[in-house]
Amino acid sequence: MRKQTRTAAVGSIRIGGGNPVILQSMTKTETTDVAGCLKQIQKLVKAGAGLVRIAVPTRADTEAFGKIVQKSPVPLVADIHFSPDRAIEAIEAGAAKIRLNPGNVKNKDDILRIIDCAKRHHIAIRVGVNEASIRDLKHDVGRDHRVMLMLEEMTSYVRMFERNGFENLVLSAKSADTVRTIEINRAISEAFDYPVHIGLTHAGLLEDALVPSSIAIGTLLAEGIGDTVRVSIAGDPVQEIEAGKKILASVGLYKQPQPELIVCPTCGRCQIDVVGLAKKVRKVLQKSNKPIRVAVMGCVVNGPGEAADADLAICAGSGKGFLYKNGQKIAAVDEVNLLTAISEQLLTF
Ligand code: SF4
């Protein structure tokens with residue numbers, strides 16, 4: 001069950017409070033390339049992003065941000081580091097939320113200026129703590145203590161916002177370590193009822209990022225923690241949304257509007273080229289947006305059981321496959337004709 005949190009208002013969307021988990025990513029083009037950013041935002045939204053974050057390190061970037069906001073189909077988050085002026089410029093330019101690590105802003109009066117501006121514009125603030133900044137501040141701190149220190153840091157920030165009458169918050173505690181990401185998010189979720197943004201930071205290239213991110217984000221979501229997700233991947237940001245959808249789907253928080261392919265892992269009982277056939281079936285399925293479940297199974301040991309739950313299934317026999325539809329065996333097909341047979345059956349759904 002999802003943990004009950006307050007609701008943060010971020011432009012037209014709502015984060016937390018039982019609303020669907022929002023997937024988000026960042027643009028990776030230069031922010032001053034307004035057309036390039038808008039093109040990337042469109043791709044992200046088409047892939048399933050509900051929110052997009054944009055870095056605004058310079059004055060020219062906040063100016064461009066204002067132009068991007070006007071044409072963006074989703075609310076935008078301005079990513080702020082160090083500069084209170086950039087934060088205020090981005091809010092005035094139309095940011096629906098800013099991401100701010102208060103530890104990066106030296107003068108506390110500047111944080112109060114940002115809070116005032118955010119209040120006047122009715123925007124949200126994602127308050128961040130990062131394991132790297134804890135380590136920098138207290139470099140002799142052992143790993144075991146970092147979660148506690150991150151929680152202390154988050155608590156001091158949250159209390160500062162609350163003292164100044166600002167509660168439209170999303171909390172975010174980031175680490176590149178899978179276990180500490182889980183631990184710190186459990187801790188802040190226990191300590192506060194604000195919505196939580198989850199994800200590993202700097203997770204790496206696609207092939208390195210997927211497993212740790214899936215474990216951290218999937219574990220937290222399965223425990224009901226997490227209201228918005230970013231899967232950090234060095235590469236095309238659309239991959240972040242695709243990966244996020246798969247993680248949400250695997251914990252039952254998203255129903256993929258596309259076919260699902262189940263393939264047995266194969267073993268010594270396998271009676272056809274399951275992997276070769278599954279790859280071809282996958283290609284056929286990629287052209288479909290029907291939410292059906294297709295199974296390719298290498299023998300009759302587990303095949304009929306899986307087939308019973310699938311809309312369409314192949315269970316291999318010797319040099320052939322039995323075709324199942326809605327759990328019923330409908331044909332025995334030679335191995336060479338299996339792909340054609342399953343493709344034809346797909347058209348009937
Ligand atoms: S379905 Fe058959 S071939 Fe595939 S893994 Fe199970 S026992 Fe092995």
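Good morning. In helix α6, the buried residues are Arg146, Val147, Met150, Glu153, Met154, Tyr157, Val158 and Phe161. These residues lie on the same side of α6, because they cover an arc of only 130° around the axis. On the other side of this helix we find exposed residues, namely Asp144, Ser156, Arg159, Glu162 and Arg163.

After α6 comes Gly165, with a positive phi near 75°.

I turn now to the barrel. How many strands close into the barrel, and in what order? There are eight, and their order is β3-β4-β5-β6-β7-β8-β9-β10, with parallel pairing. As one example, strand β5, residues 76-79, pairs with strand β6, residues 97-100, in the parallel sense over three bridges. Within this pair, Val77 stands opposite Lys97 in β6.

Next, a pair of helices. Helix α3, residues 84-93, packs with helix α4, residues 108-120, at an angle of about 5°, and their axes are 9 Å apart. Angles under 35 degrees count as roughly parallel, and α3 and α4 are therefore roughly parallel to each other. Which residues meet where these two helices pack? From α3 they are Pro84, Ala87, Ile88 and Ile91, and from α4 they are Asp110, Arg113, Ile114, Cys117 and Ala118.

Finally, the open sheet. This sheet has five strands in the order β11-β12-β13-β14-β15, and its pairing is mixed. Why is one side of β11 and of β15 left without a neighbour in the sheet? Strands β11, residues 260-263, and β15, residues 328-334, stand at the edges and each has a single partner strand, so one side of each remains without a neighbour there. On average, neighbouring strands of this sheet are turned by 20° against each other, direction ignored.

To close, the predicted model shows a barrel of eight strands with parallel pairing and an open sheet of five strands with mixed pairing. Thank you for your attention.

Definitions and conventions:
Residues numbered from 1 in each chain as written. Predicted model: local features only at pLDDT ≥ 70, side-chain atom pairs only at ≥ 80, totals over all residues. Pairing = 2+ DSSP bridges. Helix = DSSP H or I, 4+ residues; strand = E, 2+ residues; numbered from the N terminus. Axes fitted to C-alpha atoms, helices over the stretch in contact; angles between N-to-C directions. Buried ≥ 20, exposed ≤ 12 C-beta atoms within 10 Å, placed from the backbone. Arc of directions from axis to C-beta. Parallel < 35°, antiparallel > 145°, perpendicular 65-115°, else oblique. Contact = placed C-beta atoms within 7 Å.
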